[in-house]
Amino acid sequence: MESKITIVEEKFYGRLKSRRLTDRQELLFKTLFKNIAITSFKDIDVNDHQDIFFEIGFGGGEHIANMALSNPKGLFIGCEPFVNGVAALLTKIDDLKITNIRIYQNDAKNLLKEIPNKILSGVFLLFPDPWPKRKHIRRRFLQEKTILMIHDKLKKDGFWRIASDHKEYKSWILKLFKQEKIREKFSEKLFDSTTRPSFQSWPQTRYEQKAIDEILYAIYTKV
């Protein structure tokens, strides 16, 4: 008898919507969104794309939009449960006529579980919610379990870019990646505001501009 695989969805913490959508954004949800939204990784044909990139929580969409424009042969999957963030990205996609972005409006961890190993060329986690209260630390995306999962999903020499401006979260990042079972799986390059990669290769966001002097930039490459 054929066995069934059950995907257990992660519980999502945080807001899903704040500001009222504009008339244009409402229209884009009814038109553009239904053409580029995915509900499963099965909606992606991996043979159609030279590289597949994965952004966890794309915020207002500045980074993923610019990366997609600069890498037209790659496919960019953006995960964002927040309705206003999705609306902002839809506007950019429409304005700039971007064709290589797909949106997953849910928790990234749910989609990650479906992705086959050694598929992703790059992953982006930029300014994640720090969940600063001690009782909420378990809600952070960066945990040993998720780091090891992403390692498995990356191709050989695939990279993971991470940035944070939160003092305690920066320490959390460095501490996790120094654990022996993780350290042996990634090479590490760290940057600050004066040494960060170029804006062309790592586009800047509005959020980043506000706190650039406090930011830790990190690139972890699978070894």
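What percentage of the 223 residues of the chain count as buried? The share is 49%, where buried means under 20% relative accessible area, exposed means over 50%, and partly exposed lies in between, with a 1.4 Å probe and protein chains only.

The model is predicted: local features need pLDDT of at least 70, side-chain atom pairs count only at pLDDT 80 or more, and totals for chains, interfaces and linings use all residues. Residues are numbered from 1 along each chain as its sequence is written, and side-chain values use heavy atoms, with hydrogens and water left out.

## Overall form

The chain contains 9 helices and 7 strands; helices (H or I, at least four residues) and strands (E, at least two) are DSSP runs numbered from the N terminus. For 223 residues, a compact globule would have a radius of gyration near 17 Å, and the chain agrees with this because its own value is 17 Å. The radius is taken over C-alpha atoms, and the globule rule is 2.2 Å times the number of residues to the power 0.38. Along the principal axes, the C-alpha atoms fill a box of roughly 55 × 45 × 40 Å.

Among contacts between residues at least 6 apart in sequence, 79% join residues at least 24 apart, a contact being heavy atoms within 4.5 Å. The chain exposes about 12,400 Å², of which carbon and sulfur atoms supply 50%; accessible areas come from the Shrake-Rupley method with a 1.4 Å probe, and for residues only the protein chains shown count as cover.

There are 40 positive and 29 negative side chains, and the centres of the two sets lie 3 Å apart. Lys and Arg count as positive and Asp and Glu as negative, while His and the chain ends are not counted. Each charge is placed at NZ of Lys, CZ of Arg, CG of Asp or CD of Glu.

## Aromatic pairs

The structure holds 11 aromatic pairs. Rings of Phe, Tyr and Trp (its six-membered ring) pair if their centres lie within 6.5 Å; planes under 30 degrees apart count as stacked, over 60 as edge-to-face and the rest as tilted.

Phe177 lies in helix 7 (residues 167-177) and Tyr220 in strand 7 (residues 216-222), so their pair ties together parts that are 43 residues apart in sequence. Phe177 counts as buried at 4% relative accessibility, and Tyr220 counts as buried at 1%.

Trp202 is buried, with a relative accessible area of 1%, and Tyr217 is buried at 0%.

Elsewhere, ring pairs link Phe53, Phe76, Phe124 and Phe159 into a cluster.

## Individual residues

His63 is placed in helix 3 (residues 62-70) and counts as buried at 1% relative accessibility. Leaving aside residues up to four places away in sequence, His63 touches Glu55, Phe124, Leu126, Trp202, Pro203 and Thr205. His63 and Leu174 are 111 residues apart in sequence, and their C-alpha atoms are 23 Å apart in space.

Leu32 belongs to helix 2 (residues 32-36) and is buried, with a relative accessible area of 18%. With residues up to four places away in sequence not counted, Leu32 touches Leu90, Ile93 and Asp94. From Leu32 to Thr91 the separation is 59 residues in sequence and 9.4 Å in space, C-alpha to C-alpha.

Lys97 is in the loop between helix 4 (83-96) and strand 3 (101-104) and counts as exposed at 62% relative accessibility. Lys97 and Lys113 are 16 residues apart in sequence and 30 Å apart in space, C-alpha to C-alpha.

Positive phi values occur in two residues other than glycine, Lys118, where phi is near 60°, and Trp131, where phi is near 40°. Lys118 is found in the loop between helix 5 (108-112) and strand 4 (120-126) and is exposed, with a relative accessible area of 60%. Trp131 is in the loop between strand 4 and helix 6 (144-153) and counts as buried at 15% relative accessibility.
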